[in-house]
Amino acid sequence: MDLEQDLRHAARVDELWVAYQPVAELGTGRLVAVEGLLRWQHPVHGAVSPGEFIPIAEGSDLINRIGAHMLRTATGQIGAERPGLDVVLNANLSPRQLDDPGLHALVQRTLSDSGLPAENLCLEVTEEAIMRDPTAAARVLNGLRELGVFLAIDDFGTGYSSLAQLRRLPLDTLKIDRSFITDLPESAELRVIVSSIITMAHAIGLDVVAEGVETARQLDLLRDIGCDHAQGYYLSKPVPLDELLSSGLT
Ligand code: G
Ligand code: G
Ligand code: MN
Ligand code: NA
């Protein structure tokens, strides 16, 4: 099968849809954000995981088309639920999208078309995307920041950036990769590491989200060490919009 060819088609015919995963404030349990995550319902193969199709898309310019489709869909859906649902929409940008000269205009356009206020959108970028060319990344991020959107560093701890480098960028949020969270209850070492990341992130003005929280014990520990927000299966897996709206979380 030629998944790349199918994916080109999918972006035109609504086989791609967006699942939303809640992000909660640790002190209050209040829903503060939802991360939009692409899903592909293939007409023959059924659900294809983003772990499979995102890398295919990232291997070509297709990621820009799919990324644009994702942004339009998610800002449209979340924008339409306001003001009843007043959350920040988090959307992932892949490294290639950061390189796309059309990105700034795309974000501006999707905001105005959807009516979603800029401060209700947070764009997530990875360390990898930033470290390939920190000067270029800073220019792009500064441009996006001027639109009024929030910016987050995603999967923190899996790449090679340092907080000293991140300090120079217009970031608002740091998302700690789930590989640090999984064994938190069993590892005093990890608790010290995560606690240090949180302290340093706060020192440079970043809010911290722990990703991949799967147990109450992890959540309690994260609250104890001063983490701001949490996301993970313990709170909710990524769900379709109607499920999010009927979940009681909103
Ligand atoms: O939702 P799930 O854990 O299956 O996603 C697997 C990977 O696909 C994650 O790394 C996630 O960031 C990525 N992904 C999901 N949706 C998008 C998207 O809209 N854009 C980009 N660039 N990556 C996405
Ligand atoms: O790379 P990024 O952080 O954007 O990817 C988010 C991915 O993590 C999504 O594909 C989502 O399905 C997955 N995810 C979210 N919560 C959990 C969790 O609690 N445990 C695990 N194993 N994966 C999770
Ligand atoms: Mn993410
Ligand atoms: Na992440």
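Colleague: Between which helix and which strand does the loop with Asn120 lie?

Modeller: In this predicted model, local features need pLDDT of at least 70, side-chain atom pairs count only at pLDDT 80 or more, and totals for chains, interfaces and linings use all residues. Residues are numbered from 1 along each chain as its sequence is written, and chains are lettered from A and ligands numbered from 1 in the order in which they are written. Helices (H or I, at least four residues) and strands (E, at least two) are DSSP runs, numbered from the N terminus. The loop that holds Asn120 lies between helix H5 (103-114) and strand S5 (121-126).

Colleague: Why does Asn120 count as buried?

Modeller: A residue is buried if 20 or more other C-beta atoms, placed from the backbone, lie within 10 Å of its own, exposed if 12 or fewer, and partly exposed in between. Asn120 counts as buried because its C-beta neighbours inside 10 Å number 22.

Colleague: Which element supplies the largest share of the shell around ligand 1?

Modeller: A residue belongs to the shell if its C-beta atom, placed from the backbone, lies within 6 Å of the ligand. Strand S2 (31-42), helix H2 (50-58) and helix H3 (62-81) each supply at least two residues. The largest share, three residues, comes from H2.

Colleague: How many charged residues does the shell around ligand 2 have?

Modeller: The shell around ligand 2 holds 13 residues, with Asn92 and Glu214 among the closest. Asp, Glu, Lys and Arg count as charged, Ala, Val, Leu, Ile, Met, Phe, Trp, Tyr, Cys and Pro as nonpolar, and the others, Gly among them, as polar. Besides four nonpolar and four polar residues, the charged ones number five.
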